[in-house]
Amino acid sequence: MCVVHQQNAGVSAARNNGLEHARGEYIWFIDSDDFICNDILESLWSYLRKTGSDGIRIEKVAVGANAHPQSASMVVKLQESTDNRQASTAFNYIVSRDYLIRHKIRFDRSITYGEDTLWVFWLHFFKGVFRNLSNCFYFYRQRPGSAVHSTAKDRHAKHLKSMQAMLATYQRVLNEYGDRLSEAERNHLKHRIYWSIQNVLFDALHAAPEERSHILDELTTTGFYPYPVLWGRLSLKYGWKNLAMNLISLFFPFKSYYLSICRCKDLLKK
């Protein structure tokens, strides 16, 4: 076991540093307040070696803050899944260290909110062979003070900067790799760009009017605004709260509508 001590520089820096020191064949990022099934690592390692995959995606299950791992002395049968959806969190993936190093896949330290989303994007961008398991081996403790449940006042400001960085990354990828992508892949990447723009505009609602106006002008000048209406985002897949946000954001591409929402938001602040 190798223990690395460093100054607190955020989760992305810690994970990148961990990858630099890692010497094992496979990498699994486990958050400090979560836990995994006891005695499961050997089964997962054997499965990866047998299939020759670049990685696997597993399921997670949410548990209470006081939950603890229990011994899994019985033989666990790994269940392959036909669900090819991409997960949104790093701990859903166990990945070949060689694959990460070969493609220079790291966490973007400039993104402090949703850093896993971009990391998972890079995992699949290079067309690695990933298998999906329906087993739940990862136990995610839900704590009110955890990073993804934080209600700090600066949450929107951090999310805004992260979405701006993500938007810039997706656009750079489209510029650099666009001619090598299939039409479906280009459309998928463009959708990520539009989704990032929508998130930037939504977070800008919480910014000062001057900053918000600057953001909108910059998006317009760089050709990001207006963008197509994202009808496909209207789904209950991620819950009612996410659906409500997408309903409000649906017509953001129409400037008069977005400015009306901004005025309503400013009036509510007074």
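## Basis of the description

The model is predicted, and local features need pLDDT of at least 70, side-chain atom pairs count only at pLDDT 80 or more, and totals for chains, interfaces and linings use all residues. Residues are numbered from 1 along each chain as its sequence is written, and side-chain values use heavy atoms, with hydrogens and water left out.

## Helix α5

Helices here are DSSP runs (H or I, at least four residues), as strands are (E, at least two), numbered from the N terminus. Helix α5, residues 155-177, has 23 residues and spans 32 Å from its first C-alpha to its last, close to the expected 33 Å, a figure defined as 1.5 Å times one less than the number of residues.

The buried residues of α5 (buried means under 20% relative accessible area, with a 1.4 Å probe and protein chains only) include His 156, Leu 160, Met 163, Tyr 170 and Leu 174. The buried residues of α5 pack against α4 (115-125), α6 (183-204) and α7 (209-221), where contact means heavy atoms within 4.5 Å.

## Helix α7 and its partners

The axes of α6 and α7, which are lines fitted to C-alpha atoms over the stretch in contact, with angles from 0 to 180 degrees between N-to-C directions, come within 9 Å and cross at roughly 160°. The two helices α6 and α7 are therefore roughly antiparallel to each other, a term for angles over 145 degrees. In this contact, Ile 197, Val 200, Leu 201 and Ala 204 of α6 meet Arg 212, Ile 215, Leu 216 and Leu 219 of α7. By class, the contact of α6 with α7 has seven nonpolar, no polar and one charged residues, where Ala, Val, Leu, Ile, Met, Phe, Trp, Tyr, Cys and Pro count as nonpolar, Asp, Glu, Lys and Arg as charged, and the others, Gly among them, as polar.

The axes of α7 and helix α9 (residues 255-269) come within 12 Å and cross at roughly 165°, and that makes α7 roughly antiparallel to α9. On the α7 side, Pro 209, Arg 212 and Leu 216 meet residues of α9 that include Tyr 258, Cys 262 and Asp 266. By class, the contact of α7 with α9 has five nonpolar, no polar and four charged residues.

Not counting residues up to four places away in sequence, Ser 88 touches Asp 116, Thr 117 and Val 120.

His 5, in the segment before α1 (11-21), counts as exposed (over 50%) at 73% relative accessibility.

Terms used
Parallel < 35°, antiparallel > 145°, perpendicular 65-115°, else oblique.
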